Amino acid sequence: MTQGFDLVASLARGVDDRGGAWNFIQDFAAHWVHGLEDGDGWTEADLRATEQRLGVRLPAALREAYLLFGRRHDLTSNHDMLLDPAELYVDAAEEALVFRHENQGAASWGILLNSLQDDDPAVFMRLDLADKSAERWKPWLEHLSLCFVEIVLSEAVQVQADEGPCDFLNPDHHSIELLEENAVRLPFPAYPAGEENGSRWFLGQDVLLREDAGVAIWARGRTTADLDRVRDLIPGDWLNDYR
């Protein structure tokens, strides 16, 4: 718990309920970044213009997220990029509505067109491959609201070192053991959906951590002292540790 914000309990409610997801993002922003304000979201006119341009109806969860915090690039676009309403597009194969890109164009996230009528549809991810015929939309997360929670958490741990107390570690097996011993597993499903070894989230004494299938640990501390404590608990060649 940090200054009245119980991240674990709030996240659990966000995983179970779409409204809880937006409440979690509001509380997380207020306690870990800075609180949401008027003007942080796009307008209904922006979204209606997108719907008219594309000839589709945006799912309720997408509309709600864009209206609430869609213009807050510090929550959505430090590393990968949430597309502005005017940038949303249907992919060339006319399979999905694309709303997010990996920062170097290596992947895209989208909603299958045949699920746009759902209020909170599943999200799929497609890798950008040299062999375009091999590209496929693969399951990412079960609900769009879950995806936006993941976006906000992931963008929080991937800011530049001079913009926040963040770091990165290529772990070994012992590093993963120490992570599991010294941090609490957060109630967020491992993903991509359906994969045996996916990304997992942890919280350790005011440090948010994401572990990616044993190949990466990302960390964001509330303060530099918090981050240093985790670096000491999980020793290794942390990218930004200059002590």
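Two strands count as a pair when DSSP finds at least two bridges between them. With that in hand, let's look at this structure, which is a predicted model.

Strand 7 covers residues 166–169, and strand 11 runs through residues 217–221. These two strands pair in the antiparallel sense, with four bridges between them.

Are the faces of strand 7 covered or open? Both are covered. On one side sit Cys166 and Phe168, on the other Asp167 and Leu169, and all four of these residues are buried. Here, buried means under 20% relative accessible area.

## The second largest pocket

Strand 7 turns up again in the second largest pocket, where it gives three residues, the largest share of the lining. This pocket has a volume of about 240 Å³. It is lined by 14 residues, and the closest to its centre are Gln158, Val159, Gln160, Trp218 and Leu239.

What sort of residues make up this lining? Seven are nonpolar, six are polar and one is charged.

## The largest pocket

Now for the largest pocket, which holds about 400 Å³ of space. Its lining has 22 residues, and those closest to the centre are Trp140, Pro192, Ser199, Arg210 and Asp212.

Which elements each bring at least two residues to this lining? Strand 4 (107–112), strand 5 (123–127) and strand 10 (207–212) do, and so does helix 6 (144–156). Sorted by class, the lining splits into ten nonpolar, seven charged and five polar residues.

Pockets are open, but a cavity is a space where the probe fits and cannot get out. How many cavities of 30 Å³ or more does the structure hold? There are two. The largest cavity contains about 40 Å³ of space.

Eight names to click on here: Leu179, Asn182, Ala183, Gly204, Leu209, Val230, Leu233 and Ile234 line the largest cavity. Helix 7 (173–182) supplies at least two residues of that lining, and so does helix 8 (224–233). By class, the lining of this cavity has six nonpolar residues and two polar ones, with no charged residue among them.

Conventions
Residues numbered from 1 in each chain as written. Predicted model: local features only at pLDDT ≥ 70, side-chain atom pairs only at ≥ 80, totals over all residues. Heavy atoms only, no water. 1 Å grid on protein atoms, 1.4 Å probe; cavity = no way out; pocket = protein on both sides within 12 Å on 5 of 7 lines; lining within 4 Å. Points joined across faces, edges and corners; volume = space filled by probe spheres on them. Nonpolar A, V, L, I, M, F, W, Y, C, P; charged D, E, K, R; others polar. Buried < 20%, exposed > 50% of the residue type's maximum accessible area, 1.4 Å probe, protein only.
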